[in-house]
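Thanks for coming, everyone. Let me put the model on the screen, and then we'll walk through it.

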Amino acid sequence: MTDAPLTIGMPTSTFLPALGGVEIGLHNIATRLTARGHNPIILAPARNVHALRDQRGELPYKLASFPPKMMTLIHHWPDLGTRFVSGWLAWFDRHHGIDAWHGTVGFPTGVGLVRHAHAKRPHLVRCAGDDIQMAPEIGYGMRLDPRIDKLVREWLPRADILVAITESVAREYAKLGVAPERIRRIPNGVDLDRFAMQVDRAAIRKQHGIPEDAFLYLAVGRNHPKKGYRDLLQAIRDLADRSETGFAVAIAGAATDELVTEAAHLGISEHLHLLGPLGQTSLVEGLKLPGDDLVSLYRAADAFVFPSHIETFGIALVEAMAAGLPIITTDGPGCRDIIESGQWGDMVPVGNTAALAKAMQHMMHAADHRRGSVDRSRERATAFSWDHIVDQYVEVYRDTMAKTR
């Protein structure tokens, strides 16, 4: 019985071809479930499914669609929208024989799933970011909308299991009154073999206009106030003033071109390389995520800098560790969880640009410290193997199924 294949319903409010920790994680989990003989069915918004129409046949798992305009309905009427999600999942359950539900994103799909499955069907919900965390000072968090906050507080505590990808998320669940035994800690993962790929560092740097002999810092993630890129720009200015060693900072992510004007104002354009979004090339090459262009950039860098104010998990930190990069990040939620308050990387206070510049200077010049940081990164990355993570999810599915019976 314990080896019987399972049909897992996996509703989500975001999916490929969008590329972030949520989408890449769900793809990897479903892929590995399929490889083990299970039957995961990802249920995604119609716009995402439509965008994948040409690659859908390449997916190793089943992909189904919510009705069109569902997200528009939820945006205008959150309570009605999640009732609609619940009704659609009930229909889907009857037609596909779901053994257990695995909901991704607390609102709206998590709330809708719990409305359908509470006390009836085994299920878990994995929150992913602004669906559970709030930072009012930067306008971050769905729950700043009192209508959404009310629904999250009412329904998520009723879930069979809430998966916390970091301790910061576990604390948010506890604030909702969730009992400790209903919180399971399962992190996001990384494909370790993928980040061990060999690259021509000189060629990769030349491709992006980065000097071959510069000490290269890499940052990865979309340009959003929570990412702390303006702190990084000021730290680059400070570092340029205090260091005689040639260095460069590359930022890969959507909307990074919006930093051009500020970089010019600070006089750091010669040090800064704004590369835009990377990582999508593999969508048509076997759906190996992230794409070769981003993985190659990790491998061509000397260190990783991540000045984020708040993260749910910070998948880019784990990717950088898997690529063998020493880490500089902040003590913000999500970041400190991954490096365990400085055990696995250098940590500076959120928003402290002087401390960030000092840490970057030290990383450049202290070779022994840098070599030790590389070793720590590689050791830490092994904790995030996707195979190990999927083992934990299958255990949760079977546990919740047994309790439901």
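Start with one term: a contact here means heavy atoms within 4.5 Å. Keep in mind that this is a predicted model.

Next, the overall picture. The protein chain has 16 helices and 13 strands. Its C-alpha trace spans about 65 × 40 × 35 Å along the principal axes.

How does the radius of gyration of the protein chain fit a compact globule? For 405 residues, such a globule would come out near 22 Å; the chain has 21 Å, so the two agree.

What about burial? Of the 405 residues, 58% count as buried.

Let's zoom in on one helix pair. Two packed helices are described by the angle between their axes and the distance between the axes. Here, take helix α1, residues 21-35, and helix α16, residues 386-404. Their axes come within 10 Å and cross at roughly 75°. Angles of 65 to 115 degrees count as roughly perpendicular, so that is the label for α1 and α16.

Which residues meet there? From α1, we have G25, N28, I29, R32 and L33. From α16, they meet W386, D387, V390, Y393, V394 and Y397. By type, this contact divides into seven nonpolar, two polar and two charged residues.

That's the tour. Over to you.

Definitions and conventions: Residues are numbered from 1 along each chain as its sequence is written. This is a predicted model: local features need pLDDT of at least 70, side-chain atom pairs count only at pLDDT 80 or more; totals for chains, interfaces and linings use all residues. Side-chain values use heavy atoms; hydrogens and water are left out. Axes are lines fitted to C-alpha atoms, for helices over the stretch in contact, and angles run from 0 to 180 degrees between N-to-C directions. Helices (H or I, at least four residues) and strands (E, at least two) are DSSP runs, numbered from the N terminus. Angles under 35 degrees count as roughly parallel, over 145 as roughly antiparallel, 65 to 115 as roughly perpendicular and the rest as oblique. Ala, Val, Leu, Ile, Met, Phe, Trp, Tyr, Cys and Pro count as nonpolar, Asp, Glu, Lys and Arg as charged, and the others, Gly among them, as polar. The radius of gyration is taken over C-alpha atoms; the globule rule is 2.2 Å times the number of residues to the power 0.38. Buried means under 20% relative accessible area, exposed over 50%, partly exposed in between (1.4 Å probe, protein chains only).
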